[in-house]
Amino acid sequence: MKLSDFDFDLPEDLIATRPAVPRSSARLLVAEQDRITDARVTDLLQWLNAGDRLVLNDTRVIPARLSGQRHRTSAQGPVSARIEVTLLEPQADGCWSGLLKPLKKIKIGETVRFSDALSAELVDVVEGQGRLRFNLAGDDFDAALAEAGAMPLPPYIAAKRPADEQDKTDYQTVWARSSGAVAAPTASLHFDEPLLAALAAKGVEFTYVTLHVGAGTFLPVKVEDVTSHKMHAEWGQVTAKAAAEIAATKAAGKRVIPVGTTALRLIESAARDSGAIAPWEGETDIFIYPGFTFRVADALMTNFHLPKSTLMMLVSALMGQERMRAVYAHAVTERYRFFSYGDASLLIP
């Protein structure tokens, strides 16, 4: 299985830099084994039945991109340097790991000030990542970060425009509640309150799980033999309540449909040991590629992914490689919008 097996030509102008307004007006490609249907996200009601269960990732994206100043006294007098920080994840000792640019402009022990309220000391550098100890914690830290930080837009959007205030709403799901992600579960960005209400009225049920999406989700695959690729680890939790709800849906013969690859990876992680969904908490580095045996997910709602990405491998595992080539060829021909702010697909094996 080669990396090139998951490549395709994507016109640059199909990369979305803003979401559809309203969210649920985005286009929806519905792919079944025997047909492809062009629809809208609001049309989900036509494909979901009473008793089907959508699994939703309730992680909340933090405004993890910070810009600050490092001040230092030199032989020539006071000097300063601008330091850009992208927070990655909290550490057990209360520090945060992060990417600092330019890293060569700051020394261990020095402080970066991001606002009147927020600053951080560089404690250590490990494998190119800095460990930062902030001057605040808890709710005070959250409030100061919300004021000083910007949303960590994916690289393919950030290369086209800077994050702004609108992204603090756009790059967050309407049900986000558990802070800790530095990337959004983007398939979930298509849902708004009217759509959720309409689905509930039809009898579609919802289960919430948590997977804190890390910046590693954007890392490219660098090996030609994809089976040797090592996934980044992300923290997740499937509560006893969530596991029981999913198990009940399976027992009733109804479908479990994760919204987004993050929710899918988490529930399949929670079923790896016993072969069935169970309560689970910890770090998952599950890598799903063709040949994987799905134990929980019956279908998937997801966005359109990068060529040669692990997510392209995941959807190929669910639908088959040849089928996904046809689906993506259709999406390009019909000019669907790609990636985080783009359109959606409903994949039904």
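Helix α7 lies across β3 (53-57), β12, β13, β14 and β15, and runs at about 85° to β12. Such angles are taken between N-to-C directions, from 0 to 180 degrees, with axes as lines fitted to C-alpha atoms, for helices over the stretch in contact. Helices (H or I, at least four residues) and strands (E, at least two) are DSSP runs numbered from the N terminus. This is a predicted model, in which local features need pLDDT of at least 70 and side-chain atom pairs count only at pLDDT 80 or more, while totals for chains, interfaces and linings use all residues. Residues are numbered from 1 along each chain as its sequence is written, and side-chain values use heavy atoms, with hydrogens and water left out.

**The sheet**

- An open sheet of five strands has the order β14-β3-β12-β13-β15, with mixed pairing; two strands pair if DSSP finds at least two bridges between them.
- At its edges are β14 (256-258) and β15 (280-284), each of which pairs on one side only.
- From one strand to the next, the twist averages 25°.
- Strands β12 (residues 205-211) and β13 (residues 234-238) are antiparallel and share two bridges.
- Thr-210 has Gln-237 in β13 as its bridge partner.

**Helix α8**

- Helix α8 (residues 310-319) is mostly covered, as ten of its ten residues are buried (under 20% relative accessible area, 1.4 Å probe, protein chains only; exposed is over 50%, partly exposed in between).
- Among these buried residues are Thr-310, Ser-316 and Met-319.
- The buried residues of α8 pack against β1 (27-31), α7 (261-269), β16 (300-303), α9 (321-333) and β17 (344-347), where contact means heavy atoms within 4.5 Å.
- Gly-320 follows α8 and has a positive phi, near 100°.
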